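Here is a short tour of a protein model for someone meeting it for the first time. Have the structure open as you read.

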Amino acid sequence: MVTGAELSREAVLRILEDVKDPEVPVVGVVELGIVRDVAVDGGRVTVTVTPTYSGCPAMREIESDIRETLAAHGIPDVAIRTVYAPAWTTDWIGAGAREKLRRFGIAPPGPAEAGGLITLVRRRTSVACPYCGSHDTALRSEFGSTACKAVHFCNACRQPFDEFKAF
Amino acid sequence: MTTIPVAGAREAAIERPLFEALLRLADDRLVLGHRVSEWCGHGPILEEDIALSNIALDLIGQGSALLRLAGEAEGRGRDEDALAYFRDETGFRNALLVEQPNGDFASTIARQFLFDAYSVLAWDQVQASTHQHLAGIAAKALKEDKYHWRHSSDWMLRLGDGTAESHARAQRALDELWRFTGELFEGDAVDAAARGGGVPLDPPALEARWRSMVVDVLERATLRVPADGPSTRGGRKGRHTEALGHMLSEMQIVARSHPGATW
C-alpha cells in the first residue's frame with residue numbers, strides 16, 4: 001500500500017511497471033511507451049497514455065488494468081488522459097523490453113521509418129529469427145495476429161514467428 | 001433518457017467548415033473500414049483474412065477518433081457513436097469510392113489501392129495541422145496507411161502481373177472504380193474555410209502526385225490506366241450511391257434497435 005505521504009510520480013510509475021500489455025504479456029505498458037506521463041496532485045493521479053495503433057482493441061483493457069493495479073495499491077482516485085501527439089513509435093521501446101520480446105519469440109522492431117511516402121519495397125528485408133538467430137527468414141505477411149505484428153518464416157529452423165513491426 | 005439526434009434539416013455546410021471537414025476525413029475511414037471488415041472470415045487465404053481485418057481495424061479506429069473530434073467541433077453533444085450510428089445516409093460525407101461494395105477480391109484491392117494513395121498524401125498534409133490533436137491522429141494514421149498502401153500496391157502487382165484471370169479481374173475493377181476517383185481531388189469552399197480553421201487539406205493539390213504513384217504501380221503491374229471520363233461525385237455533399245444506404249442499415253441496426261445499450 002502507498003500512503004498519501006509517499007505518493008510520488010516515481011512511486012506510481014514503479015507500480016505501473018507491473019501492468020503488462022494484454023496482447024504481449026511479457027512487456028509492460030511503461031516500457032512500451034504507452035504510458036507517457038504520470039502527474040500526482042494530492043491524492044489524485046493522472047496517467048497520460050497514448051494509443052499504439054488507432055484501432056488497437058487493447059487500449060480499453062490497458063486503461064482498466066491501470067485503474068485496477070493502482071486501486072490494489074491503495075490509489076483509487078485515477079484519471080486517464082489520452083494524447084495523440086506525438087504519435088507513438090516503436091523507437092520508444094527500450095533495450096530491455098526488446099530483449100524480453102525476443103525471448104518470448106517475437107523479433108523486436110527495427111528503426112521506425114521516417115518520412116517518405118512511397119515505399120513499395122519494405123526497407124527491412126531480413127529479420128533475425130528470435131528462436132535460432134538465423135537471418136535466412138522470409139516475410140509472410142505485414143499483418144499478423146495483432147495490429148503491431150508481422151508474420152515471418154525462418155528457413156533455418158522451419159519455424160514461423162512474429163515480428164513487432166517498426167512503426 | 002437520452003435524446004438521440006438523427007439527421008436534421010440540411011444546413012449550409014459552409015457555416016460549420018471544421019465539423020464538415022472532419023466528417024469528410026472521418027467518414028471516408030469509417031465507411032471503408034466497415035466495408036473491408038465485411039471480409040473478416042471470408043478472406044481468400046488466412047494471411048489475407050487477417051491483413052484485411054487489421055486494415056479495417058485501423059480505419060475504424062481512425063474514423064472513431066476523427067468523429068470524436070468532429071463531435072467536439074460541432075458542440076452539440078454528439079460523440080463518435082452518435083455520429084456513426086444515428087446519422088442517416090444524407091448526413092455522411094465520405095467519397096463515393098469508399099462506399100462501393102466489395103465485389104470480388106480484385107475489386108476490394110483496387111478500391112483500397114486507389115484510396116490508400118490518396119490517403120497517405122492527405123495525411124501528409126493534415127499532420128501539419130495547428131490543431132494538435134488532429135495533427136497527432138494524422139501522424140499515426142499516416143504510418144498505418146503506409147502499410148496499407150504497400151499491401152494494396154503489392155496485391156495490384158500480383159493480380160495485374162499474375163494469371164490471365166487475375167489480370168482481367170484487376171483491370172475490370174480499375175475500369176469500374178476509376179470514375180469515382182475524381183471526387184477525391186475536388187476542392188470547395190468548405191475545404192478552403194477549414195484550412196483557415198486548422199485542417200490543412202487541399203485536395204486538388206494532391207492529384208498530380210496521386211496520379212504518379214498510381215500510374216507507377218499500374219505500369220509495373222502491366223495494367224492499363226483507365227481513360228478519364230465523366231466523374232461521379234456527390235458524397236462530400238451527402239448525395240450517395242445506393243450502396244451506402246444498404247451498408248448503413250446493417251452497420252447501424254443494432255445501435256438503433258437498442259439505443260444506449262451497453263455490454
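Two strands count as paired if DSSP finds at least two bridges between them. With that in hand, look at chain A of this predicted model. Four of its strands form an open sheet in the order β6-β9-β8-β7, with mixed pairing. The edges are β6 (106-107) and β7 (137-141) of chain A, each of which pairs on one side only.

**Chain A in outline**

Chain A has 167 residues, and 35% of them count as buried. Its secondary structure comes to three helices and nine strands. Read from the N terminus, the elements run α-β-β-β-β-α-β-α-β-β-β-β. Take the contacts in chain A with a separation of 6 or more: residues 24 or more positions apart account for 55% of them.

The chain is divided into two domains, domain 1 (4-82) and domain 2 (95-164). Their C-alpha centres lie 28 Å apart. How many residues of each domain are in contact with the other? The contact joins 10 residues of domain 1 of chain A to nine residues of domain 2 of chain A. On the domain 1 side, six of the touching residues are nonpolar, two are polar and two are charged.

| Strands of chain A | Bridges | Bridge partners |
|---|---|---|
| β3 (residues 35-41) and β4 (residues 44-49) | six bridges | A:Val35 and A:Val49 |

**A loop residue in chain A**

A:Ser134 is found in the loop between β6 and β7 of chain A. Is this serine, A:Ser134, buried or partly exposed? A:Ser134 has 14 C-beta neighbours inside 10 Å, so it counts as partly exposed. A residue needs 20 or more to be buried, and 12 or fewer to be exposed. Leaving aside neighbours within four places in sequence, A:Ser134 is in contact with A:Cys129, A:Cys154, A:Ala156 and A:Cys157. A:Cys157 is 23 residues away along the chain, yet the C-alpha atoms of A:Ser134 and A:Cys157 are separated by 8.2 Å.

**Where the chains meet**

Chain A also touches chain B. The contact takes 23 residues from chain A and 29 residues from chain B. By class, the chain A side has 15 nonpolar, five polar and three charged residues.

**The nonpolar core**

The largest nonpolar core holds 119 residues. Which members touch the most others? They are B:Leu22, B:Ala70 and B:Ala117. Helix α5 (residues 105-126) of chain B gives the most to this core, with 14 residues. Chain A takes part too: the core draws at least three residues from each of domain 1 (4-82) and domain 2 (95-164) of chain A.

Stay with B:Ala70 for a moment. Leaving aside neighbours within four places in sequence, B:Ala70 is in contact with B:Phe19, B:Leu22, B:Leu23, B:Ala26 and B:Leu83.

**Two helices of chain B**

Start with helix α8 (residues 189-196) of chain B. Its buried residues are B:Val190, B:Asp191 and B:Ala194. Seen down the axis of α8(B), these residues fall within an arc of 95°, so they line one face of the helix. On the other side of α8(B), B:Ala189 and B:Gly196 are exposed. What do the buried residues of α8(B) pack against? They pack against α1 (17-37) of chain B. After α8(B) comes B:Gly198, with a positive phi near 105°.

Now turn to helix α3 (residues 80-85) of chain B, where B:Ala82 lies. B:Ala82 has 19 C-beta neighbours inside 10 Å, so it counts as partly exposed. From B:Ala82 to B:His148 is 66 residues in sequence and 28 Å in space, C-alpha to C-alpha.

Note on methods:
Residues numbered from 1 in each chain as written. Chains lettered and ligands numbered in written order. Predicted model: local features only at pLDDT ≥ 70, side-chain atom pairs only at ≥ 80, totals over all residues. Core = buried A, V, L, I, M, F, W, Y, C linked by C-beta atoms within 7 Å. Domains from an automatic or database assignment. Contact = placed C-beta atoms within 7 Å. Nonpolar A, V, L, I, M, F, W, Y, C, P; charged D, E, K, R; others polar. Arc of directions from axis to C-beta.
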